[in-house]
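I opened a new page for this chain. These are my notes on what I looked up, in the order I looked.

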Amino acid sequence: MPASKRSSKPASTPVKTVAARPRQRVATPGTDLKREHILEVAERLFFEQGYARTSIEQIVRELGVTKPFVYYYFHDKQQIFETLAWRPTVACFTAMDFADDDLRPAHIKVQEGVAKLIGATVEHYPAAFLAYKDPQSFRPEYRAAEKKLAGHFYDRLCALLEEGRRGGKLQFTETKLTALAACSLPGFMYTWYRPDGRLPPEAITRELTRMALRVMGLRGAPRKR
């Protein structure tokens with residue numbers, strides 16, 4: 001289906017089907033901060049040690065709290081892990097969502113969407129890499145939701161690629177293969193990216209965006225963002 005006839009909304013996959021809602025009944029600024037602190041500590045432990053080697057006991061010990069404190073916000077370790085991974089998943093796989101009344105050329109949308117995808121990967125370090133480090137640790141329900149959202153992303157990207165090719169701004173042969181190849185660049189970042197590396201995050205995003213656009217055969221210099 002052409003991109004202009006598709007809804008601008010992402011695939012309908014409520015987060016609650018991926019990770020159950022937290023136990024507190026009313027969210028307040030205070031509870032949100034406490035919940036975020038739990039996620040921050042757990043994110044570091046999951047990334048450094050892996051899912052299997054990280055326990056609720058370790059998370060509690062790092063936080064300096066009791067188990068009931070953590071269980072007030074999360075049902076179990078699985079929910080914490082999937083909550084962390086779901087945020088970058090949504091940020092990345094909605095990067096090609098544009099309003100139905102956005103009449104900009106397809107190649108401009110592709111450029112912006114690729115930059116959003118790569119930027120979200122960098123911004124959500126290291127949570128964005130949990131799915132690559134521990135792919136076996138997710139529930140089937142999570143994987144199904146992730147697959148649905150990824151399908152939504154690639155449907156929109158492929159439609160935009162084909163539109164850009166018809167307009168003479170993108171040059172490639174195989175649409176899906178081109179989309180997968182270009183978007184694999186941020187996927188491999190988990191093997192080498194370090195936030196304290198030689199290049200700052202903005203430069204990493206800019207350079208990888210240029211590389212991805214070359215794969216897509218963008219004709220002419222990418223627009224500056």
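I began with the term for the interior: a nonpolar core is a set of buried Ala, Val, Leu, Ile, Met, Phe, Trp, Tyr and Cys residues joined through side-chain atoms within 4.5 Å. Buried means under 20% relative accessible area, exposed means over 50%, and partly exposed is in between (1.4 Å probe, protein chains only).

**Ground rules**

I noted that this is a predicted model, in which local features need pLDDT of at least 70, side-chain atom pairs count only at pLDDT 80 or more, and totals for chains, interfaces and linings use all residues. Residues are numbered from 1 along each chain as its sequence is written, and side-chain values use heavy atoms, with hydrogens and water left out.

**Overall build**

I looked up the secondary structure and found nine helices and zero strands. Helices (H or I, at least four residues) and strands (E, at least two) are DSSP runs, numbered from the N terminus. The chain has 225 residues, and 48% of them are buried. I then checked the contacts (heavy atoms within 4.5 Å). Of those between residues at least 6 apart in sequence, 75% join residues at least 24 apart. The accessible surface of the chain is about 12,400 Å², and carbon and sulfur atoms account for 53% of that. Such areas come from the Shrake-Rupley method with a 1.4 Å probe; for residues, only the protein chains shown count as cover.

**The core**

Which residues have the most contacts inside the largest nonpolar core? I found Phe46, Ile80, Val110, Phe153, Leu157, Leu161 and Met216, in a core of 61 residues. Helix α7 (residues 140–166) gives the most to this core, with ten residues. I noted the general background too: in soluble globular proteins, nonpolar side chains tend to be buried together.

Leaving out residues up to four places away in sequence, Leu161 touches Val110, Leu170, Phe172, Thr175, Ala179 and Met216.

I also looked at helix α2 (residues 56–63). Ile56, Gln58, Ile59, Val60 and Leu63 are buried there. Just after α2, Gly64 takes a positive phi of about 75°.

**Aromatic pairs**

I counted 15 aromatic pairs in the structure. Rings of Phe, Tyr and Trp (its six-membered ring) pair if their centres lie within 6.5 Å; planes under 30 degrees apart count as stacked, over 60 as edge-to-face and the rest as tilted.

Phe46 and Phe81 form an edge-to-face pair, 5.0 Å centre to centre with 80° between the planes. This pair links distant parts of the chain: Phe46 is in helix α1 (residues 29–49) and Phe81 is in helix α4 (residues 77–93), 35 residues apart.

Tyr193 is buried, at 2% relative accessible area. Trp192 is partly exposed, at 40%.

I noted a cluster as well: ring pairs link Phe46, Tyr51, Phe81, Trp86, Phe138 and Tyr142.

**A surface patch**

Where does Trp192 lie? I found Trp192 in the loop between α8 (175–187) and α9 (201–215). Tyr132, Phe188, Tyr190 and Trp192 form a nonpolar patch on the surface, with about 430 Å² of accessible area together. Patches are made of residues with over 30% relative accessible area and no salt bridge: like charges are joined within 9 Å, nonpolar side chains (Val, Leu, Ile, Met, Phe, Trp, Tyr) within 5 Å.

**Salt bridges**

I found twelve salt bridges (a side-chain nitrogen of Lys or Arg within 4 Å of a carboxyl oxygen of Asp or Glu).

Glu62 and Arg44 meet at 2.8 Å, N to O. Glu62 lies in helix α2 and Arg44 in helix α1, so this bridge ties together parts 18 residues apart in sequence. Glu62 is partly exposed at 45%, and Arg44 is partly exposed at 34%.

Glu112 pairs with Lys116, with the closest N and O atoms 3.3 Å apart. The two are four residues apart in helix α5 (residues 106–123), so about one helical turn separates them. Asp102, Arg104, Glu112 and Lys116 are linked in a network of salt bridges.

Arg143 and Glu146 meet at 2.3 Å, N to O. Both lie in helix α7, three residues apart, about one turn of the helix. Arg143 is partly exposed at 26%, whereas Glu146 is buried at 13%.
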